[in-house]
Amino acid sequence: MRIGAVIHPTAVSGSDRWLQPKRFSRHVIEMTVAMMLGMCVLGMTFRAIHLAVFGTGFDAAWHEHTELAVFAMTFNMTLPMVTLMRYRGHGRERCGEMAAAMFILAFALLVPFWLGALSADAVLPLEMALMLPAMIAVMALRFDEYAGPHGSTSASAERAP
């Protein structure tokens, strides 16, 4: 067996391995901040749109238009997170994977709501509470990528023919 078959050429060197938890944590914090900013900034936009269309603010949307509020919150928190990922060099596949995790969570909470097992009062708070663990779980599946230095991923490689 060849050494090249066992050791991946992009493996982290021993001197760099101690930086991985720090980089991973920094990445989690950056993405969390992006999600929170999106929740606030885009949330204000959603509130204004809901006010213009339905004449009520976000609290009414949460109770009267639960699905709309859930998908708006999911979008508002996912868009800036994925934008940051692309800026940091993550490929479209990883960005899609992260976005899918957020929207799968939304559907996973809406199904019990539609079945009457979860109230409108519980859906949105649960979603907001579970988005961070969902994001971290997806990141943990690709620990080496998210713990590596920024720009070590291959967003530019996707653009090559």
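A: Let's begin with a cysteine: Cys95 is buried, at a relative accessible area of 5% (buried is under 20%, exposed over 50%, partly exposed in between, with a 1.4 Å probe and protein chains only). Cys40, with 47%, is partly exposed. The structure has zero disulfides, meaning pairs of cysteine sulfur atoms within 2.5 Å.

This is a predicted model, where local features need pLDDT of at least 70 and side-chain atom pairs count only at pLDDT 80 or more, while totals for chains, interfaces and linings use all residues. Numbering runs from 1 along each chain as its sequence is written, and side-chain values use heavy atoms, leaving out hydrogens and water.

Now for α3, which covers residues 20–54 (helices are DSSP runs of H or I with at least four residues, strands are E runs of at least two, numbered from the N terminus). Its 35 residues reach 48 Å from first C-alpha to last, close to the expected 51 Å (1.5 Å times one less than the number of residues). At Gly43, α3 bends by about 30°, the angle between axes fitted to the seven residues ending there and the seven starting there. Just after α3 comes Gly55, with a positive phi of about 80°.

How confident is the predictor? The protein averages a pLDDT of 84 (a per-residue confidence from 0 to 100), and 82% of the residues score at least 70.

Terms used:
pLDDT is the predictor's confidence in each residue, from 0 to 100.
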